[in-house]
Amino acid sequence: MHPIRKQRLLIVIFVVLFSSAAVGLVTYALRGNINLFFPPAEVAQGKAPIGKPIRVGGMVREGSVQRSDDSLEVRFVITDFEADVPAVYVGILPDLFGEGQGAVASGVLNEEGVLMASEVLAKHDENYMPPEVTDALEKSGYDHKGNAK
Amino acid sequence: MWSFFHKLGSPPWLFGIAGSILRWLLPITLVALAVGLVWGLLFTHPDFRQGNSYRIIYIHVPAAVVALAGYYVMAIAGAVSLIWKMKMADVAMKACAPIGAALTFIALVTGSIWGKPTWGTWWVWDARITSMLILLFLYLGVVALYEAYDNKEAASKACAVLSLVGTVNIPIIYKSVDWWYSLHQPASIKFTGESTIDASMLYPLLLMIVAFYGLFTCCMLLNMRAELVEREARTNWVRKLAGAGARR
């Protein structure tokens with residue numbers, strides 16, 4: 001290879017490596033801010049601030065959803081199977097919100113550790129299958145992720 | 001081997017070869033797009049939780065995949081034009097940018113339309129979506145930067161550096177859903193291990209991804225041919241071509 005071209009190639013490699021390192025360090029420094037939500041385990045460890053707007057994400061615990069009879073108030077528990085965060089939300093939930101499903105709630109943690117949610121988003125997982133397949137799985141005693149029940 | 005590279009540097013030869021590739025690639029791509037769309041949108045089962053709204057995957061995922069791959073094509077062409085000062089690499093780099101921007105835009109818009117019924121929001125500043133937005137700005141930045149210079153050589157140098165620096169973003173987009181807690185789900189199609197999308201839904205998706213690669217290549221070749229004719233407008237071969245077109 002011609003020496004001038006070799007030099008240019010080295011400069012190109014240097015530019016790519018140097019900018020990767022720079023961006024890598026920035027994203028590493030900001031890693032806490034890039035996370036969209038806290039998992040309940042980190043809330044339990046006290047990593048989430050109290051009284052400031054945060055998001056908590058995880059599974060909605062089976063059997064935890066309680067709807068109020070005379071208002072749109074909903075109480076539920078967000079869990080990552082290590083810790084639980086109870087949440088209260090007033091409003092309309094997305095269609096895919098449900099027990100045993102992923103959800104991300106944004107709101108403020110109060111002194112009792114209850115999340116006063118102002119917005120609840122459903123989190124979809126990466127499993128796609130036709131209903132016939134899930135029915136067949138249910139019959140044979142598996143859930144939609146292929147884990148035995 | 002070397003004669004091939006020398007031929008690549010010749011505008012009339014590149015113009016001709018691009019034309020003959022397009023002659024068979026364009027019909028195949030259009031057929032694959034039509035078959036994939038009809039198969040995916042009409043003949044697959046609805047998803048067990050999302051119902052029919054999941055079908056946007058047949059546009060969203062191919063557009064996003066090819067938008068990421070197209071960025072590497074642009075950056076590699078940029079590197080070649082920087083190192084070897086090859087004019088045709090510069091033409092290829094310039095051709096990629098608007099197509100990539102369009103595909104990124106399609107991925108963002110379809111994702112947003114899917115996000116509303118599924119997540120309950122049009123937009124959320126999570127790592128995947130934000131880094132994809134940065135990709136759109138990078139593509140648009142290359143387009144704008146190229147137009148900002150009067151001197152083509154200076155323009156291609158600046159654009160090549162911008163696209164090379166921007167490659168950092170591609171692995172970030174790809175791995176964002178694994179590295180951070182994001183609302184966007186991880187990939188369903190896995191290179192290692194079993195895909196978490198049912199085979200009956202996967203095959204039309206794979207066909208659509210291949211069709212979008214074909215679409216990207218066709219658009220890129222068309223863009224390159226237009227750019228070549230524009231750049232070489234005063235040369236004999238373009239005059240001959242224009243003359244032949246006028247006579248026909």
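1. Helix 5 of chain B and helix 6 (residues 152-166) of chain B pack at about 170 degrees, with 9 Å between their axes. Angles run from 0 to 180 degrees between N-to-C directions, and axes are lines fitted to C-alpha atoms, for helices over the stretch in contact. Helix 5 of chain B is therefore roughly antiparallel to helix 6 of chain B (over 145 degrees; under 35 is roughly parallel, 65 to 115 roughly perpendicular, the rest oblique). The crossing of helix 5 of chain B past helix 6 of chain B is right-handed (near helix turned clockwise from the far one by less than a right angle; anticlockwise is left-handed).

2. The model is predicted, local features require pLDDT of at least 70 and side-chain atom pairs pLDDT 80 or more, while totals for chains, interfaces and linings use all residues. Residues are numbered from 1 along each chain as its sequence is written, chains are lettered from A and ligands numbered from 1 in the order in which they are written, and side-chain values use heavy atoms, without hydrogens and water.

3. Chain B contains 9 helices and 0 strands (DSSP runs numbered from the N terminus: helices H or I of at least four residues, strands E of at least two). Its pattern along the sequence is α-α-α-α-α-α-α-α-α. Along the principal axes, the C-alpha atoms of chain B fill a box of roughly 60 × 40 × 35 Å.

4. The contact between helix 2 of chain B and helix 8 of chain B has 26 nonpolar, 6 polar and 1 charged residues (nonpolar: Ala, Val, Leu, Ile, Met, Phe, Trp, Tyr, Cys, Pro; charged: Asp, Glu, Lys, Arg; polar: the others, Gly among them).

5. Helix 3 of chain B and helix 7 of chain B have axes that come within 10 Å and cross at roughly 160 degrees. This makes helix 3 of chain B roughly antiparallel to helix 7 of chain B. Helix 3 of chain B passes helix 7 of chain B in a left-handed crossing.

6. The largest pocket holds about 960 Å³ of space. A pocket is an open set of 1 Å grid points over the protein atoms alone where a 1.4 Å probe fits, with protein on both sides within 12 Å along at least five of seven lines; lining residues have an atom within 4 Å of a point. Its 38 lining residues include Val61(B), Ala64(B), Val65(B), Arg128(B) and Ala187(B), which lie nearest the centre. Two or more lining residues come from each of helix 3 (57-84), helix 4 (87-118), helix 5 (127-148), helix 7 (169-179) and helix 8 (199-231) of chain B. Helix 3 of chain B gives the largest share, 8 residues. By class, the lining of the largest pocket has 30 nonpolar, 7 polar and 1 charged residues.

7. The second largest pocket holds about 510 Å³. Of its 26 lining residues, Met59(A), Gly102(A), Lys123(A), Asp125(A) and Glu126(A) are closest to the centre. Strand 1 (residues 53-60) of chain A supplies the largest share of this lining, 3 residues. The lining of the second largest pocket divides into 9 nonpolar, 11 polar and 6 charged residues.

Technical notes:
Points joined across faces, edges and corners; volume = space filled by probe spheres on them.
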